[in-house]
Amino acid sequence: MAQAAAVAKPPAPPRRRRASATPRRLPYLLIAPAALLMLGFIAYPVVSVFYYSLQNFNPTKPWRNGYAGFDNFVRIFTEDSQFRDTLTFSAKWVFVEVGLQLLFGLALALIVNQTFAGRALGRALVFSPWAVSGVLTSAIWVLLYNSQTGVTRYLAAMGIGEYGASWLSDTSTVFPAVIVADLWRGVPFFAILILADLQSVSKDLYEAAEVDGAGRIKQFWHITLPHLKDAIVLSTLLRAVWEFNNVDLLYTLTGGGPAGETTTLPLYIANTSVDAHNFGYASALTTVAFVILLFCSMVYLRLSKFGGGDK
């Protein structure tokens with residue numbers, strides 16, 4: 001009987017195998033090479049800048065090299081008047097450039113969003129400057145502003161200005177000249193982003209607004225602009241950071257002159273490190289610029305309520 005009971009006992013259910021952890025780890029393993037490269041190419045230079053900001057490091061004067069502590073930062077805020085001047089110009093440059101680029105980019109996006117003959121060609125012409133590299137853009141505007149063969153010669157022939165006038169060498173005209181040059185390349189950036197967001201606006205909203213008697217201005221103010229809020233906030237933030245760090249255009253057109261009128265903080269940092277070989281002090285300036293950008297970005301995103309979803 002005992003043997004029969006043992007035979008009649010149902011077999012134990014098979015043990016469930018523990019799920020393998022490999023499928024869960026596979027995505028992390030796949031992105032690990034790229035993450036390590038980013039860590040090497042981004043994190044290491046950033047940490048190096050912070051390290052050298054606490055050092056006196058000048059390869060041409062090795063006998064002065066060594067730990068400086070916070071002396072570089074004290075010098076920046078107490079002795080360096082050029083730091084304050086370049087920071088002031090950087091703020092002016094960013095405010096004017098980003099504001100004008102946003103204004104013209106929004107206008108162009110609204111125009112090419114309409115249906116008209118040759119719209120594809122018009123969009124290509126509007127967006128083409130953004131495909132030109134910064135070095136080539138600088139070369140184009142150097143030729144355009146040439147006092148002998150550039151646009152000033154043809155304006156003088158029409159009675160506007162004088163022959164041989166150099167806008168890039170005159171303190172009264174250099175700022176508008178570099179503003180126009182950078183606008184040519186920066187406006188398409190806003191036009192592209194804003195146009196992409198405009199095409200996602202439901203046409204039913206405009207039709208309902210027309211039925212309610214809302215004109216073009218009210219439709220733009222109450223439908224288009226609220227919908228574009230996040231795109232405008234993001235694009236202005238990105239462009240502000242890029243314009244703040246703009247070196248190639250100003251360096252090629254003016255070199256920071258005349259008389260330091262167009263020297264931004266990043267250009268001052270470049271001159272301090274590359275020309276003066278004072279890498280320790282340049283690293284301290286870079287650290288201060290990083291903190292300023294980080295603080296301003298956080299305040300801007302906080303005030304603009306980016307991503308709030310209240311369209």
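# Aromatic pairs, pockets and loops

Reader: How many aromatic pairs does a search of the whole structure find?
Author: This is a predicted model, in which local features need pLDDT of at least 70 and side-chain atom pairs count only at pLDDT 80 or more, while totals for chains, interfaces and linings use all residues. Residues are numbered from 1 along each chain as its sequence is written, and side-chain values use heavy atoms, with hydrogens and water left out. Two rings of Phe, Tyr or Trp (its six-membered ring) pair if their centres lie within 6.5 Å, and planes under 30 degrees apart count as stacked, over 60 as edge-to-face and the rest as tilted. Under that rule, the number of aromatic pairs in the whole structure is 15.

Reader: At how many degrees are the planes of the rings of Phe-70 and Phe-73?
Author: The ring centres of Phe-70 and Phe-73 are 6.2 Å apart. The pair is tilted because its planes lie at 50 degrees.

Reader: The charged end of which residue sits over the ring of Phe-175?
Author: A charge sits over a ring if NZ of Lys or CZ of Arg is within 6 Å of the ring centre and within 35 degrees of the ring normal. One such case has the charged end of Arg-239 over the ring of Phe-189, 5.9 Å from its centre. Over the ring of Phe-175, 4.3 Å from its centre, sits the charged end of Lys-92.

Reader: Which residues does Asn-72 contact, leaving aside its neighbours within four places in sequence?
Author: Asn-72 lies in helix α3 (residues 71–78) and, at 6% relative accessibility, counts as buried. Contact means heavy atoms within 4.5 Å. Once neighbours within four places in sequence are left aside, the contacts of Asn-72 are Tyr-52, Ser-53, Gln-55, Asn-56, Gly-280, Tyr-281 and Ala-284.

Reader: Which residues lie closest to the centre of the largest pocket?
Author: On a 1 Å grid over the protein atoms alone, a pocket is an open set of points with protein on both sides within 12 Å along at least five of seven lines, and lining residues have an atom within 4 Å of a point. The largest pocket holds about 550 Å³ of space. Of its 16 lining residues, the closest to the centre are Asn-113, Gln-114, Lys-203, Tyr-206 and Gln-219.

Reader: How many charged residues are in the lining of the second largest pocket?
Author: The second largest pocket holds about 410 Å³ of space and is lined by 17 residues. The elements giving two or more residues to its lining are α4 (81–112), α11 (229–244) and α14 (279–304), and α4 gives the most, with 7 residues. Whereas the lining of the largest pocket has 5 nonpolar, 6 polar and 5 charged residues, that of the second largest pocket has 13 nonpolar and 4 polar residues, and the count of its charged residues is none.

Reader: Which residue joins Gly-257 through a cis peptide bond?
Author: Omega of this bond is about 0 degrees. In the loop between α12 (248–253) and α13 (265–275), the residue joined to Gly-257 by the cis peptide bond is Pro-258.

Reader: What is the phi of Ala-259, which is not a glycine?
Author: Ala-259 is also placed in the loop between α12 and α13, and its relative accessible area of 76% means that Ala-259 is exposed. Another residue with positive phi is His-277, near 60 degrees, in the loop between α13 and α14. Although Ala-259 is not a glycine, its phi is positive, at about 55 degrees.

Terms used
Helix = DSSP H or I, 4+ residues; strand = E, 2+ residues; numbered from the N terminus. Buried < 20%, exposed > 50% of the residue type's maximum accessible area, 1.4 Å probe, protein only. 1 Å grid on protein atoms, 1.4 Å probe; cavity = no way out; pocket = protein on both sides within 12 Å on 5 of 7 lines; lining within 4 Å. Points joined across faces, edges and corners; volume = space filled by probe spheres on them. Nonpolar A, V, L, I, M, F, W, Y, C, P; charged D, E, K, R; others polar.
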